[in-house]
Amino acid sequence: MTAPLVCSRAGCDSAATCSVEWRNPRIHDESRRKVWLACDEHRDYLRDYLAARDFPVEVVDSLPEGRS
């Protein structure tokens, strides 16, 4: 059995419900995307944290590889 995926927010151990996909355009080309996982509570926090740094960011309402 696979362990549930948890939120990437520091100190949070809630189950992830979505993916926050982003990249740092200063060091990554458009083919490179990083993925943070987010619970419902921290979804907007993580998105806003990255957007404030001018990183391209997208919230995807699924988890990597279709896991839940």
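**Figure 1. E58 is partly exposed, with a relative accessibility of 43%.** The model is predicted, so local features are given only at pLDDT of at least 70 and side-chain atom pairs only at pLDDT 80 or more, while totals for chains, interfaces and linings use all residues. Residues are numbered from 1 along each chain as its sequence is written, and side-chain values use heavy atoms, with hydrogens and water left out. The side chain of E58 meets that of R33 in a salt bridge, at 3.5 Å from N to O. This pair links distant parts of the chain, since R33 is in the loop between β1 and β2 and E58 is in strand β3 (residues 57-60), 25 residues apart. A salt bridge here is a side-chain nitrogen of Lys or Arg within 4 Å of a carboxyl oxygen of Asp or Glu. Side chains of opposite charge can pair when their charged atoms come close.

**Figure 2. R33 and E21 form a salt bridge.** The distance from N to O is 3.5 Å. R33 lies in the loop between β1 (18-22) and β2 (34-38), whereas E21 belongs to strand β1, so the pair ties together parts that are twelve residues apart in sequence. Helices (H or I, at least four residues) and strands (E, at least two) are DSSP runs, numbered from the N terminus. R33 is partly exposed, at a relative accessible area of 33%. E21 is also partly exposed, at 22% relative accessibility.

**Figure 3. D44 and R47 meet in a salt bridge within a helix.** Their side chains come to 3.1 Å, N to O. How far apart are D44 and R47 in helix α1? The two are three residues apart in this helix (residues 43-51), which means a separation of about one helical turn. D44 has a relative accessible area of 39% and is partly exposed. R47 is partly exposed as well, at 29%. Elsewhere, salt bridges that share partners join E21, R33 and E58 into one network. The count of salt bridges comes to five.

**Figure 4. The structure holds four aromatic pairs.** One of them is W22 with W36, which is edge-to-face, at 5.2 Å centre to centre and 65 degrees between the planes. This pair links distant parts of the chain: W22 is in strand β1 and W36 in strand β2, 14 residues apart. Rings of Phe, Tyr and Trp (its six-membered ring) pair if their centres lie within 6.5 Å; planes under 30 degrees apart count as stacked, over 60 as edge-to-face, and the rest as tilted. Are these two Trp residues, W22 and W36, buried or partly exposed? W22 is buried, with a relative accessible area of 8%, and W36 is partly exposed, at 23% relative accessibility.

**Figure 5. W36 and Y49 form a tilted pair.** Their ring centres are 6.2 Å apart and their planes lie at 35 degrees, so the pair is tilted. W36 is in strand β2 and Y49 in helix α1, so the pair ties together parts that are 13 residues apart in sequence. Y49 is partly exposed, with a relative accessible area of 34%. W22, W36, Y45, Y49 and F55 form one aromatic cluster.

**Figure 6. Arginine side chains lie over the rings of Y45 and Y49.** R9 is over the face of Y45, 4.1 Å from the ring centre. The charged end of R53 sits over the ring of Y49, at 3.6 Å from its centre. A charge sits over a ring if NZ of Lys or CZ of Arg is within 6 Å of the ring centre and within 35 degrees of the ring normal.

Figure 7. The C-alpha trace spans about 40 × 20 × 20 Å along its principal axes. Of the 68 residues, 28% are buried. Among contacts (heavy atoms within 4.5 Å) with a separation of 6 or more, 57% come from residues 24 or more positions apart.

Conventions: Buried means under 20% relative accessible area, exposed over 50%, partly exposed in between (1.4 Å probe, protein chains only).
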